[in-house]
Amino acid sequence: TIKIGGASGLVKTGWNAEIGNDLQVNRNIVADEDEDKEIFTGVLTKKITIGGGNSETIIGNDLVINNNIVANEDENKEIFTNVINNRVKIGGPNSETLIGGDLKINSAILSDTTENKSIFTDIAENDVIIGSDSGNVITGNMLKVTGDIESRTSTSKKVFTNIGVNSLTLGSPFGTVVTSNDFIVSGTNILADTDTTKTLFSNIK
């Protein structure tokens with residue numbers, strides 16, 4: 001064993017210092033001044049290991065990654081799990097965030113600003129399923145449908161059965177409401193909305 005320097009002394013080397021084997025540092029590695037530093041920049045295709053199996057690696061400020069962040073093995077991973085009440089941002093304003101598998105949300109999906117949003121607009125002729133077979137899908141305001149409303153299964157359906165004494169309007173003032181089969185009225189009467197002349201089955205000859 002060769003030791004250089006005392007407990008409180010300072011050892012200075014020239015421009016370059018070459019260590020033939022391991023370099024053991026009993027305390028910290030510090031810079032002589034506030035300037036850019038490089039470490040192991042000549043390792044092009046090999047691995048650099050920092051820290052032990054159960055240790056923590058602490059970065060004082062930003063961590064800039066020039067390529068990807070990959071796992072050493074196929075196992076569960078966690079990131080920023082101790083951020084309780086603050087925000088975690090991923091990606092820039094115009095970038096895309098790609099998820100390889102399922103995305104599980106433990107709470108709500110909120111918007112950062114009051115603006116139009118789109119979801120799954122590029123799936124073409126494929127289906128988008130929202131909600132479970134026994135859950136409810138609630139919309140805060142109007143639901144606008146560009147195409148038709150169809151049933152996934154051939155079963156009886158109900159629409160707005162819980163509106164009580166309120167009215168249900170189908171179709172526009174100039175449109176036509178078409179039923180493909182029988183039209184059953186559970187109440188007593190068929191009433192007009194205004195006192196005007198009405199026509200029933202006038203196109204049957």
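Which side chain meets that of K117 in a salt bridge? The partner is E115, with an N to O distance of 2.6 Å; a salt bridge is here a side-chain nitrogen of Lys or Arg within 4 Å of a carboxyl oxygen of Asp or Glu. The structure is a predicted model, in which local features need pLDDT of at least 70 and side-chain atom pairs count only at pLDDT 80 or more, while totals for chains, interfaces and linings use all residues. Residues are numbered from 1 along each chain as its sequence is written, and side-chain values use heavy atoms, with hydrogens and water left out.

Along the principal axes, the C-alpha atoms fill a box of roughly 115 × 30 × 30 Å.

Of the 205 residues, 0% count as buried; the classes are buried (under 20% relative accessible area), exposed (over 50%) and partly exposed (in between), with a 1.4 Å probe and protein chains only. The chain exposes about 23,600 Å², of which carbon and sulfur atoms supply 49%. Accessible areas come from the Shrake-Rupley method with a 1.4 Å probe, and for residues only the protein chains shown count as cover.

A search of the whole structure finds 6 salt bridges. Among them, K77 pairs with E75 at 2.6 Å, N to O; K77 is partly exposed at 49% relative accessibility, and E75 is partly exposed at 38%. In the pair formed by K117 and E115, E115 is partly exposed, with a relative accessible area of 45%. Salt bridges that share partners also join D32, E35 and K37 into one network. Within this group, the closest N and O atoms of K37 and D32 lie 3.3 Å apart. K37 is partly exposed at 48%, whereas D32 is exposed at 64%.

Lys and Arg count as positive and Asp and Glu as negative, with His and the chain ends not counted; each charge is placed at NZ of Lys, CZ of Arg, CG of Asp or CD of Glu. The mean positions of the 17 positive and 27 negative charges are 4 Å apart. Patches comprise residues with over 30% relative accessible area and no salt bridge, like charges being joined within 9 Å and nonpolar side chains (Val, Leu, Ile, Met, Phe, Trp, Tyr) within 5 Å. E33, D34, D36 and E38 form a negative surface patch, in which D36 is exposed at 77%. A nonpolar surface patch consists of I39, F40, V43, I48 and I50, with about 510 Å² of accessible area together; I50 is exposed at 64%.

F160, although not a glycine, has a positive phi of about 55°. F201, also not a glycine, has a positive phi of about 55° and is exposed, with a relative accessible area of 60%.
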